[in-house]
Amino acid sequence: QVQLVESGGGLVQAGGSLRLSCAASGRTFTNYAMGWFRQAPGKEREFVAVFKWSGSTNYSDSVRGRFTISRDNAKNTVYLQMNSLKPEDTAVYYCAADRIIPRSGNGTAYWGRGTLVTVSS
């Protein structure tokens, strides 16, 4: 059974940093893209970043330059280093995995349950 488990969320002041982790189990994701999405209260799910199986990365405009996605294939884990956090980054952050992850997230095969990030002003 495939599982994605996020960790590392919490409360941080604006300008601070957090590192999210997503540990995958149940299969090897070496040839899969792994990414992060977020959903703020009352808002739709939003693409954050993706680490493609080719090694390339992509970011939303709102986080580019502040967030960095990385992965450790040996550990089947993807990370999201978040720096210079802003109150508008407050959301539940979800890990996702599939061969291809569209920016909409629609049709993506595997999802974690999410971890809450709260950024206070």
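Guide: Let us begin with Asn76, which counts as buried because its relative accessible area is 13% (buried means under 20% relative accessible area, exposed over 50%, partly exposed in between, with a 1.4 Å probe and protein chains only). This is a predicted model, in which local features need pLDDT of at least 70 and side-chain atom pairs count only at pLDDT 80 or more, while totals for chains, interfaces and linings use all residues. Residues are numbered from 1 along each chain as its sequence is written, and side-chain values use heavy atoms, with hydrogens and water left out.

Visitor: Okay, and where does Asn76 lie?

Guide: Asn76 lies in the loop between β7 (67-72) and β8 (77-82), where strands (E, at least two residues) are DSSP runs, as are helices (H or I, at least four), numbered from the N terminus.

Visitor: What does the side chain of Asn76 reach, and at what distance?

Guide: It reaches the backbone nitrogen of Phe29 at 3.2 Å, and a polar atom of the Asn76 side chain lies 2.7 Å from the backbone oxygen of Arg27.

Visitor: Switching topic: how many salt bridges does a search of the whole structure find?

Guide: The search finds four salt bridges, a salt bridge being a side-chain nitrogen of Lys or Arg within 4 Å of a carboxyl oxygen of Asp or Glu. One of them joins Asp89 and Arg38, with the closest N and O atoms 2.9 Å apart. That pair links distant parts of the chain, since Asp89 is in the loop between β8 and β9 (91-98) and Arg38 is in strand β4 (residues 33-39), 51 residues apart.

Visitor: Is Asp89 buried or exposed?

Guide: Asp89 counts as buried because its relative accessibility is 1%, and Arg38 is buried as well, with a relative accessible area of 5%.

Visitor: Which Arg forms a salt bridge with Asp89 at 2.8 Å?

Guide: That is Arg66, with 2.8 Å between the closest N and O atoms. Arg66 lies in the loop between β6 (57-59) and β7 and Asp89 in the loop between β8 and β9, so the pair ties together parts that are 23 residues apart in sequence. Salt bridges that share partners join Arg38, Glu46, Arg66 and Asp89 into one network.

Visitor: And Glu46, where is its place?

Guide: Glu46 is in strand β5 (residues 46-51), and Glu46 counts as partly exposed because its relative accessibility is 32%.

Conventions. A polar contact is a pair of N or O atoms within 3.5 Å; within protein, one must be able to donate a hydrogen and the other to accept it, and residues adjacent in sequence count only if both atoms are side-chain atoms.
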